[in-house]
Amino acid sequence: MDKSKQVVPLSQLAVGHTAQIVGLELKGLLRRRVQDLGLIPGTTVECIRRGPTGDPTAYAVRGTTVALRKEDANLINVYPI
Amino acid sequence: MSIASHGRILKDYFGIVPKQDQIVIALAGNPNVGKSTVFNALTGLKQHTGNWPGKTVDNAQGSFTHRNNSFLLVDLPGTYSLLAHTVEEEVARDFICFGHPDVTVVVLDATSLERNLNLALQIMEITAKVVVGVNLIDEAEKKKITIDFPGLEKELGVPVVPMAARLDIGLKELKEKIFLVASGKIKPKPLQISYSEEVENAVQSLLPYIEQLGISKLLNPRWVALRLLDGDEKFIAKITSHLKYQNYPTILREAEVAI
């Protein structure tokens with residue numbers, strides 16, 4: 001199965017669904033910050049809920065919940081599982 | 001580094017005045033790992049709170065005695081990282097780097113070790129004098145998480161103490177391990193992360209230049225090389241100013257040429 005064809009931005013992951021991080025397109029400090037919170041390639045992420053206006057979105061990562069803006073989640077590529 | 005200049009740095013940069021022969025301990029950890037509980041349990045009412053000089057970040061110091069030695073415990077702000085995106089991270093990093101605490105205690109959350117170990121590994125890149133306290137083991141037990149403590153200790157290369165500070169579990173052991181590391185009876189050999197071949201090659205080519213600066217006693221050369229590769233100019237400037245403060249005019253001149 002070719003994984004690369006199914007890779008989508010994290011922002012497209014629907015509530016209740018889980019995905020595995022494939023890569024980060026974020027740059028600079030934000031990239032480092034996201035990595036410090038434990039979002040690195042291979043990490044499993046679950047979309048928990050979305051803010052009232054569709055932004056930000058809460059994700060479960062390594063036993064913690066983190067909120068990401070849509071623009072930032074757009075730059076995290078995941079493979080839905 | 002002379003004792004006099006060390007004392008001056010602690011006082012002027014960090015607002016810390018240890019008593020004579022007092023052993024300085026830094027307390028680091030992620031937010032919400034029960035770091036303050038550990039701090040309170042160790043120091044009781046012997047506390048002093050204020051701000052870090054020039055920063056709107058709380059600074060708590062407290063003291064305790066163990067085996068007839070007096071220890072000054074400095075509570076650092078809770079951070080996920082030391083790569084200084086926030087003022088809190090800057091304060092924590094600067095104290096571990098330039099405050100030269102005798103021991104740095106890293107408190108980890110037993111229920112999310114994976115995320116917490118990031119900070120421990122970053123600190124172990126700066127200093128070898130580290131004791132790891134794995135707190136909230138009672139919570140972990142409730143969540144059916146089992147931790148191989150001897151295995152963790154062996155892999156990290158530093159003393160690891162299982163703790164539940166709220167229930168007064170592990171604090172005595174923590175004090176003992178702090179004492180053993182501070183007095184040099186235990187010499188930790190912390191695990192060093194190997195990066196990609198490109199990064200490691202770049203570090204190797206930088207090391208001779210950094211070692212020439214003669215700052216190896218003050219800062220870990222490998223760590224300085226990694227920060228140079230990060231291109232963190234603000235931090236490089238800070239290293240320079242700290243060296244200036246420590247009255248090393250020749251080192252400084254060389255550092256300015258090299259950087």
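Mentor: We start with a definition: the radius of gyration is taken over C-alpha atoms, and the globule rule is 2.2 Å times the number of residues to the power 0.38. Keep in mind that this is a predicted model.

Trainee: How do you know that the radius of gyration of chain B agrees with a compact globule?
Mentor: For 259 residues the rule puts a compact globule near 18 Å, and chain B has 18 Å, so the two agree. Along its principal axes, the C-alpha trace of chain B spans about 55 × 45 × 35 Å.

Trainee: What else describes chain B as a whole?
Mentor: Chain B holds 11 helices and seven strands. Of its 259 residues, 40% are buried. Among contacts with a separation of 6 or more, 68% join residues 24 or more positions apart. The chain is divided into domain 1 (3–182) and domain 2 (197–258), with 26 Å between the centres of the two domains.

Trainee: Why does the span of helix α3 of chain B agree with what it should be?
Mentor: Helix α3 covers residues 87–98, which is 12 residues. The expected span is 1.5 Å times one less than the number of residues. That gives 16 Å, and the end C-alpha atoms are 16 Å apart, so the helix agrees with expectation.

Trainee: What makes α3(B) mostly covered?
Mentor: A residue is buried if 20 or more other C-beta atoms lie within 10 Å of its own. In α3(B), 10 of the 12 residues are buried, among them B:Glu89, B:Arg93 and B:Phe95. Just after this helix, B:His100 takes a positive phi of about 45 degrees.

Trainee: Turning to chain A, which strands are the edge strands of the open sheet?
Mentor: The six strands follow the order β1-β6-β2-β3-β4-β5, with antiparallel pairing. The edge strands are β1 (8–9) and β5 (64–68) of chain A, as each pairs on one side only.

Trainee: How do you know that β3 and β4 of chain A pair?
Mentor: Pairing needs at least two bridges. Five bridges join β3 (residues 44–50) to β4 (residues 57–61) in chain A, and these strands run antiparallel.

Trainee: How many residues of chain B are in contact with chain A?
Mentor: Nine residues of chain B are in contact with nine residues of chain A. The chain B side divides into two nonpolar, five polar and two charged residues.

Terms used:
Residues numbered from 1 in each chain as written. Chains lettered and ligands numbered in written order. Predicted model: local features only at pLDDT ≥ 70, side-chain atom pairs only at ≥ 80, totals over all residues. Contact = placed C-beta atoms within 7 Å. Nonpolar A, V, L, I, M, F, W, Y, C, P; charged D, E, K, R; others polar. Helix = DSSP H or I, 4+ residues; strand = E, 2+ residues; numbered from the N terminus. Domains from an automatic or database assignment.
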